[in-house]
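Please keep the sequence and the 3D view open while reading.

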Amino acid sequence: MTTIQLFVTCLVDSFFPETGEALVNIFQRLGIDVDFAREQTCCGQPQFNAGLRKDARAIAEHTIKVFENAAGDIVTPSGSCAHHFRHNFLELFEGDSVWLPRAKAISARTYEFTEYLVDKLGVTDLGAKWDGMLTYHPSCHTLRGINVDKQPRALLQNVHGATLVELPHAEECCGFGGVMSVEHPELSAEWLKRKISNLESTQSPTLVVTDAGCLMHIAGGLNRQKKNQRVLHIAEILNHV
Amino acid sequence: MVTFRQRIVESINNENLQIALDNNTERRLKGRAAAFESIPDWRTRRKRAHAVRADVIEHLDEYLAQFIAKNEENGVIVHRAKDAAEAIEIFLKIAKNLPQRKQEESLVSLRELRGKKILIAKSKSMASEEIALNHALEKENIEVIETDLGEYIVQLRHERPSHIITPAAHLRKEQVAELFHEKLGIPYTTDIPTLTATARKVLREVFLTADIGFSGVNFGVADTGSLCIITNEGNGRMVSTIPPVHIALMGMERIVPNLDDLALMLSLLPRSATGQKLTVYTQILNKPLDGQTRHLIILDNGRTRLRNSPLKESLYCIRCGACLNACPVFRELSGHAYIGKDNSIAPYPGPIGSVISPGLFGENYVQLAQASSLCGACKDACPVDIDLPKLLTRVRAGQSPVISDQLSVNSEGAGLTASTKIALQIYTRVATHPRLFSAAQKFAALGSFLLAPSSKWIRLPAFTGWGYSKDLPKFAGKTFRDRYVKKIVESERFASRLRRDIETPTSGDVGVHLDKVEQFTQELIALGGHVYQTKNVTKDVIEFLKSRNINKIHLEPHTLDESLLKEANIEFTHEPDDQIIAGVTNTRCGLADTGSVLVADGEGNPLRGSLLPEIHIAILRAENILPSLPNALDLVKDQRAAVFITGPSRTADIEMTLTIGVHGPKEIHVFVDDSNLG
């Protein structure tokens with residue numbers, strides 16, 4: 001029996017627990033045991049991105065301690081957190097002979113959710129069903145940070161009954177950017193506007209993402225603009241059977 | 001005092017600017033994507049280019065020593081400047097000790113008109129912006145005229161360039177029309193060819209009468225000492241060919257080891273910058289021309305410090321501007337909004353600017369690095385694969401080099417507002433204590449229930465940042481950790497019956513092999529050039545000249561049958577003459593994949609013959625057409641100077657509209673002599 005460690009992310013844990021549950025269901029259907037280490041909190045990416053390296057290190061050390069003795073690959077429903085584990089951990093502990101090897105060991109075991117399904121398990125059809133149109137927004141860190149793009153697209157292609165339409169300028173950032181959306185709200189607002197108008201042009205009522213950061217940003221913008229489109233994490237689509 | 005954030009808002013609210021920037025972004029992104037289609041191996045090239053640049057920066061001292069020695073051997077006077085002040089001092093010394101110039105009468109009178117001020121014709125150089133050269137020279141009563149159309153426009157407006165490749169990217173044609181009407185006295189017109197022709201006319205005078213020609217350098221080749229300068233308009237050629245003195249200013253990191261590496265860079269730089277396979281003019285300058293003095297100033301200005309800092313990788317940059325075009329921040333701002341704490345405009349904008357501006361000039365510009373979502377579009381666009389998001393986070397982490405008096409300010413969270421910093425530090429404490437974390441979640445859930453008891457969303461006020469354009473989802477009443485119950489999985493894996501059908505991308509079509517002449521012809525015609533295949537060159541050139549009513553040409557010796565020209569009453573001279581409408585030159589080779597021809601310095605001054613006239617007629621032997629630039633570099637090594645010409649002179653400096661014929665010829669006609677092909 002395969003066991004995976006779920007790093008659920010602070011956003012899913014606190015705002016979107018349904019996404020975490022969907023992920024657990026999917027793995028259970030695949031016969032995979034999902035372990036959730038309760039000591040986990042946040043990966044520390046906000047601190048890292050803001051330049052607060054000391055803070056980011058403290059959180060990373062905590063996270064490494066939580067996962068280094070737990071069995072199985074670490075799977076997370078966030079390209080952004082996967083990117084943080086995979087790349088930023090190494091940057092944080094560069095030149096540190098104690099922590100760098102520990103960070104590397106963790107980073108080598110970490111996968112983004114769709115990446116794990118497709119690349120590690122070889123699964124592209126989960127038997128999911130969906131009625132209607134879907135369009136996909138590739139999160140920056142999923143697409144460019146860890147080069148995961150064909151995996152979520154393949155999974156969506158195989159959602160039965162769904163019509164997948166391409167989002168214009170899909171590769172453009174939605175303007176979340178973690179602290180940037182607070183530090184530079186005016187910039188963030190412009191990109192969000194553009195993302196939403198691109199979404200509208202597809203006529204699709206549902207936007208699919210691989211990251212709760214983009215989800216809460218775009219959905220928050222849609223709600224502010226009183227639009228009806230929904231933003232869903234891909235796990236919730238794939239869990240729809 | 002306007003803050004960076006206020007400047008951002010001004011830019012966003014400036015409708016003209018937003019339209020101009022959208023134009024710039026969309027055309028540049030499309031152009032770049034199309035240009036890279038012709039080199040399907042670009043990912044490999046990019047990795048190689050990264051390795052070449054990494055090696056250069058690692059061994060910069062050795063490469064520079066080699067490069068300088070070669071230049072001195074070539075007769076170039078080399079200077080090194082450790083900072084802006086030194087560079088300017090060197091410049092002034094050169095300007096005050098100009099060699100006596102053989103003056104033609106017409107030129108004397110022009111100079112008198114100008115009151116004997118020293119005149120410098122300047123081609124675009126970011127290094128010169130960095131040291132504020134124009135300002136320093138003007139203070140010394142030296143007149144500097146920018147000759148790149150975009151730079152000329154911003155100089156007339158007393159502005160700084162807003163983009164490192166297209167300096168007037170922030171303007172619309174109506175603004176240029178008004179400017180030219182006001183400053184140059186022409187009737188108001190938004191016709192871009194007319195505006196361009198006006199600049200051509202005004203600046204032609206400048207080229208012909210300038211005491212000094214000034215240019216930047218795109219690449220210095222260590223093992224040959226060559227200076228490579230690329231331009232589209234022809235101003236780079238003018239300033240390095242016509243005035244008696246040429247001064248080239250080069251950032252000390254702009255080295256490539258050899259001509260093969262240069263070819264690699266040239267396959268990436270124009271594609272990334274302007275979506276061209278090659279720029280119109282790719283000059284390789286080895287030795288000064290006859291009667292010309294060439295100075296090369298190699299500028300440090302913080303580069304050594306940067307090289308010894310964690311931002312070292314930013315020195316790999318080849319200044320293509322692709323990261324600016326790809327950047328969603330730049331798209332909203334343009335270069336003028338990137339300001340330091342002292343309100344000064346950062347010399348380099350965009351993602352690379354937000355690294356090297358603090359990297360070279362210190363803490364003043366650190367705040368720029370916080371304006372990024374780290375989306376990575378810049379890294380993706382970079383032709384030398386610089387990890388810009390990583391470097392931005394390093395600037396934020398206070399790792400940009402410390403400049404003496406700013407020691408205390410550089411620290412973690414550089415450029416972050418105080419409130420965000422405190423909030424994140426509190427969050428660190430919470431996130432390193434799981435019980436506290438879980439308690440905080442419950443507290444937040446309760447708080448958000450109180451704020452919005454009947455909605456899934458909380459409307460925060462604008463000052464919170466988040467509330468400016470979006471609502472916040474309510475914290476979940478029951479978090480994932482509360483809901484999670486470990487279930488024992490009993491079902492069999494059914495993954496085995498699931499398909500694995502992700503296709504690995506197939507490499508693009510190998511492409512139909514085209515005959516070299518055919519390919520050369522197609523490429524050049526696509527750029528607006530003309531190609532004629534002939535077995536009787538002189539006869540056909542005469543026929544062409546007659547059809548255009550041209551009876552006098554500047555002719556490179558040993559190019560056409562001169563007795564036939566005489567019979568046909570075509571006057572010719574081997575001396576350059578800026579009144580002549582057509583120049584006929586020989587070529588050393590053609591390049592099939594870009595439609596370029598190589599013209600080298602020699603008897604009869606073909607470099608001028610292919611530059612000053614409105615029409616350039618180039619004679620090319622079919623057997624001399626080579627597949628691509630790397631095959632031609634051996635031909636360049638032993639020339640004094642040479643230029644690859646790729647189509648007619650052009651610009652897109654006004655509203656990205658392609659306009660033909662700026663400073664160089666408006667027309668290029670290549671007569672391909674295939675008599676030896678049988």
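The points below go through the two chains and the contact between them.

The model is predicted. Chain A is assigned domain 1 (3-119) and domain 2 (125-238), while chain B is divided into domain 1 (39-301), domain 2 (418-483) and domain 3 (516-677). The contact between the chains takes 72 residues from chain A and 65 residues from chain B.

**The sheet in chain A**

- Four strands of chain A form an open sheet, and their order is E2-E1-E3-E4. The pairing in this sheet is parallel.
- Strand E2 (33-35) and strand E4 (110-112) of chain A are the edge strands, as each pairs on one side only.
- From one strand to the next, the twist averages 35°.
- Strand E1 (residues 3-6) of chain A runs parallel to strand E3 (residues 73-76) of chain A, and three bridges join them.
- Leu6(A) has Val75(A) as its bridge partner in E3(A).

**The two domains of chain A**

- The centres of domain 1 and domain 2 of chain A, taken over C-alpha atoms, are separated by 22 Å.
- In the contact between these domains, 28 residues of domain 1 of chain A meet 24 residues of domain 2 of chain A.
- On the domain 1 side of this contact, the elements that give two or more residues are helix H1 (10-14), helix H2 (17-29), helix H3 (45-50), helix H5 (79-92) and helix H7 (113-120) of chain A.
- H7(A) supplies the largest share of that side, with six residues.
- By type, the residues on the domain 1 side are 14 nonpolar, nine polar and five charged.

**Where chain A touches chain B**

- Helix H11 (residues 185-202) of chain A gives the most to the side of chain A that touches chain B, namely eight residues.
- That side of chain A divides into 32 nonpolar, 22 polar and 18 charged residues.

**Chain B as a whole**

- Chain B contains 27 helices and 24 strands.
- Its C-alpha trace spans about 100 × 70 × 55 Å along the principal axes.
- A compact globule of 678 residues would have a radius of gyration near 26 Å, and the 29 Å of chain B agrees with this.
- Of the 678 residues in chain B, 51% count as buried.
- Among the contacts in chain B with a separation of 6 or more, 75% are between residues 24 or more positions apart.
- The C-alpha centres of domain 2 and domain 3 of chain B lie 69 Å apart.

**Two residues of chain B with positive phi**

- Asn141(B) is not a glycine, although its phi is positive, at about 65°. Asn141(B) sits in the loop between helix H8 (133-139) and strand E3 (142-146) of chain B.
- Is Asn141(B) buried or exposed? Asn141(B) is exposed because 10 other C-beta atoms lie within 10 Å, and a residue counts as exposed at 12 or fewer.
- Arg319(B), also a residue other than glycine, has a positive phi near 55°. The loop that holds Arg319(B) lies between helix H14 (303-307) and helix H15 (322-326) of chain B.
- Arg319(B) has 18 C-beta neighbours inside 10 Å, so Arg319(B) counts as partly exposed. A buried residue would need 20 or more.

Conventions: Residues numbered from 1 in each chain as written. Chains lettered and ligands numbered in written order. Predicted model: local features only at pLDDT ≥ 70, side-chain atom pairs only at ≥ 80, totals over all residues. Pairing = 2+ DSSP bridges. Axes fitted to C-alpha atoms, helices over the stretch in contact; angles between N-to-C directions. Domains from an automatic or database assignment. Rg over C-alpha atoms; globule rule 2.2 N^0.38 Å. Contact = placed C-beta atoms within 7 Å. Nonpolar A, V, L, I, M, F, W, Y, C, P; charged D, E, K, R; others polar.
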